[in-house]
Structures are given as C-alpha cells and as structure tokens.
Amino acid sequence: MDDARTSKTALFEAIALMGKGFASPIRLELLDLLAQAPRTVQELARASEQSTANTSQHLQALQAAGLVSRQREGTSVRYALAGEDVLALWLALRTASAARLAEVERAARDYLGDEVEAIGRDELLMRLGRGDVVLVDVRPAEEYEAGHIDGARSIPIEELEGRLSELPVDREVVAYCRGPFCAYAHEAVRRLRADGRRARRLGEGWPEWRLAAKPSKRKRAA
C-alpha cells in the first residue's frame, strides 16, 4: 500500500507541474500573447511591458510546465504554445474564471469599460456570406499575419482613426481582437460609433475562432 500511495502521489505531483505554470498573472499574459502568434523573448517583453530577464524566467517556467515550446532563430529564441491542447486549456481556464469568480468579472469591467454590443460567430458567418458586413482585425499587424479570420481586413487599433475612409459607410463594421478580455475591439466599436458608423464587436477572438475550425487564414511554416 505504501508503494501504491507513493506512486499515486508522484503521479499527481507530476500533473501539478502544469498547474504551476498558470500560477502567475505575468505567465498568463504571456500565454494570452502566444495564443495570437509565436514571439521572441524580446517581443514578449515589449508586449507585456516586462524586462527581458523577467520575461525569460517566466518563459522557462512555462516550458518546464509543458505549456510552451521554443525554437532558436540565430541569436534569438522564438516561443510558441506547445499545442492546440494547451490553447484549449488556457481558454477554458479563462472562461471558467470569468464565470465562477466575481473578482474576474469586476476586473474585466474596470479594464474594458462600459459594454459594447457584440455579435456571435454564427450570425457573423451568415452576414459574411451575404456580404453585408465588414470584418476588421484590430490586433497588431504581426498577429494578423500569423493567422486571422478569412475575409478580415487588418486595421490595427492605433491606425483606425486615420483609415476610417477605407471602410464603406453603408455596411456594418464588426471588429475583433484577441478575445473577450481584449480592449482593442471595444475601443474600435466606440470610435466607429462616434464617427456615425454601425459597429459591433465579435464576442470572441481569434484563438476561439481558430479552435472552432471556422474559416481562417493561418501562416504556414516554411
């Protein structure tokens, strides 16, 4: 019995290694960024506003937990999520925390501001098929290049004001970004409506769309 108990404890301790990877808000933000596109340590440090050394330490912890993979490119190291199962796990954790923890809901409301109207994926697909809606990806250009919803235009949020003339005035605009906790789409809808446009945000982001196997464009490895 002692041997069986020791083995069982060792099994759960091994599984707990992955759980430890989620036990840091910085590591969660890094996972959220990697859900959009692979990135180097330096790119992740800039996007998360952390030092390169601190970012590297967190990435090492994520790799030890089996959550990310790494590939050397010359003098740089590029990180990516370890697989689609890791992406699904991260999205499930995010969704469950929002549904079960009032603190998450409050923090999201404080960060995102007042809610803006959303559209679901089924309605969006129908509208895209009819051609009576314009879909805009407001994430950074490098994230769009790594993968995006088929038919979406890339207009990063910081370029939106200067590129409003590119959007037809007779069609509704749907903006999407990294996911439900990404502020870019909320901000885009507010700016578009302030300009007198009909606009909504997609209720989910690129990672959810990708996992749902909806029409998309993903960059293929060379």
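Valine 173 stands opposite alanine 199 in S9. This pair belongs to a predicted model, in which local features need pLDDT of at least 70 and side-chain atom pairs count only at pLDDT 80 or more, while totals for chains, interfaces and linings use all residues. Residues are numbered from 1 along each chain as its sequence is written, and side-chain values use heavy atoms, with hydrogens and water left out. Strand S8 (residues 172-176) and S9 run parallel and are joined by three bridges; two strands count as paired if DSSP finds at least two bridges between them. Helices (H or I, at least four residues) and strands (E, at least two) are DSSP runs, numbered from the N terminus.

From S8 the chain crosses through helix H9 (residues 183-194) to S9, and this β-α-β crossover is right-handed. That term applies if, with the strands pointing away from the viewer, the path from the first strand over the helix to the second runs clockwise. S9 (residues 199-202) is also joined to strand S4 (residues 118-119) by two bridges, again in a parallel arrangement. Here alanine 118 stands opposite arginine 201, and the bridge partner of isoleucine 119 is leucine 202.

## The sheet and its helices

Five strands form an open sheet with parallel pairing, in the order S4-S9-S8-S5-S7. S4 and strand S7 (153-154) are the edge strands, each pairing on one side only.

Helix H7 (residues 121-130) packs on the sheet and touches S4, strand S5 (133-137), S8 and S9; contact means heavy atoms within 4.5 Å. The direction of H7 makes about 120° with that of S5. H9 likewise packs on the sheet, touching S8 and S9, and its direction makes about 170° with that of S9. Axes are lines fitted to C-alpha atoms, for helices over the stretch in contact, and angles run from 0 to 180 degrees between N-to-C directions.

## Arginine 127 in H7

Arginine 127 is located in helix H7 and is buried, with a relative accessible area of 9%. Buried means under 20% relative accessible area, exposed over 50%, and partly exposed in between (1.4 Å probe, protein chains only). Leaving aside neighbours within four places in sequence, arginine 127 contacts Asp132, Val133, Glu172 and Arg200. Of these, glutamate 172 is 45 residues away in sequence and 9.7 Å away in space, C-alpha to C-alpha.

## Helix H5

Helix H5 (residues 84-100) has 17 residues and reaches 24 Å from its first C-alpha to its last, close to the expected 24 Å at 1.5 Å a residue; the expected span is 1.5 Å times one less than the number of residues. Val86, Leu87, Trp90, Leu91, Arg94 and Ser97 are buried in H5. Seen down the helix axis, the buried residues of H5 fall within an arc of 135°, so they line one face. The arc is that of the directions from the helix axis to the C-beta atoms.

The buried residues of H5 pack against helix H2 (25-34), strand S3 (76-81), helix H6 (102-112) and helix H10 (206-211). On the other side of H5, Asp85, Thr95, Ala99 and Arg100 are exposed.

## Valine 77 in S3

Valine 77 lies in strand S3 and is buried, with a relative accessible area of 10%. Apart from neighbours within four places in sequence, valine 77 is in contact with Arg39, Thr40, Val41, Arg70, Gln71 and Arg72.
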